[in-house]
Amino acid sequence: MGIDFHALNLLLRAKAMGVDFSRTCMIGRQGVHMAPGVFDLALENAGLSVSAVQREDILGSAFAERHPDDV
């Protein structure tokens with residue numbers, strides 16, 4: 001299981017509608033399953049962008065989790 005293009009679009013739409021993701025629980029280790037171009041397109045369609053370092057951090061890992069100490 002994991003985050004693909006459709007799941008990312010759902011999360012981005014929820015964020016645009018005001019959903020607060022600052023306290024989120026993830027059950028299991030969710031993989032990131034999308035090509036870099038698809039990721040960029042989803043962010044572009046949502047009017048968002050990330051730095052090259054953030055992009056590599058998100059897409060360069062096999063899993064979606066981030067520990068608060070990693071920031």
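The model is predicted: local features need pLDDT of at least 70, side-chain atom pairs count only at pLDDT 80 or more, and totals for chains, interfaces and linings use all residues. Residues are numbered from 1 along each chain as its sequence is written, and side-chain values use heavy atoms, without hydrogens or water.

**Chain overview**

- The protein chain holds three helices and two strands, taken as DSSP runs (helices H or I, at least four residues; strands E, at least two) numbered from the N terminus.
- From the N terminus on, the order of elements is β-α-β-α-α.
- Of its 71 residues, 14% count as buried, that is, under 20% relative accessible area with a 1.4 Å probe, protein chains only.
- The accessible surface of the protein chain is about 5,600 Å², and 58% of this belongs to carbon and sulfur atoms; the areas come from the Shrake-Rupley method with a 1.4 Å probe.
- Among contacts (heavy atoms within 4.5 Å) between residues at least 6 apart in sequence, 76% join residues at least 24 apart.

**H2 against H3**

- Helix H2 (residues 36-45) and helix H3 (residues 52-59) pack at an angle of about 120°, with their axes 11 Å apart; axes are lines fitted to C-alpha atoms over the stretch in contact, and angles run from 0 to 180 degrees between N-to-C directions.
- H2 passes H3 in a right-handed crossing, meaning that the near helix is turned clockwise from the far one by less than a right angle.
- On the H2 side the contact is made by Pro-36, Gly-37, Phe-39 and Asp-40, and on the H3 side by Arg-55, Ile-58 and Leu-59.
- These residues divide into four nonpolar, one polar and two charged; Ala, Val, Leu, Ile, Met, Phe, Trp, Tyr, Cys and Pro count as nonpolar, Asp, Glu, Lys and Arg as charged, and the others, Gly among them, as polar.

**H1 against H2**

- Helix H1 (residues 5-16) packs on H2 at an angle of about 20°, with the axes 10 Å apart, and the two are therefore roughly parallel.
- The crossing of H1 and H2 is right-handed.
- Phe-5, Leu-8, Asn-9 and Leu-12 of H1 meet Val-38, Phe-39, Ala-42 and Leu-43 of H2.
- By class, this contact has seven nonpolar, one polar and no charged residues.

**Val-38**

- Val-38 lies in helix H2 and counts as partly exposed because its relative accessibility is 30%, between the 20% and 50% limits.
- Val-38 and Asp-4 are 34 residues apart in sequence and 9.3 Å apart in space, C-alpha to C-alpha.

Methods
Angles under 35 degrees count as roughly parallel, over 145 as roughly antiparallel, 65 to 115 as roughly perpendicular and the rest as oblique.
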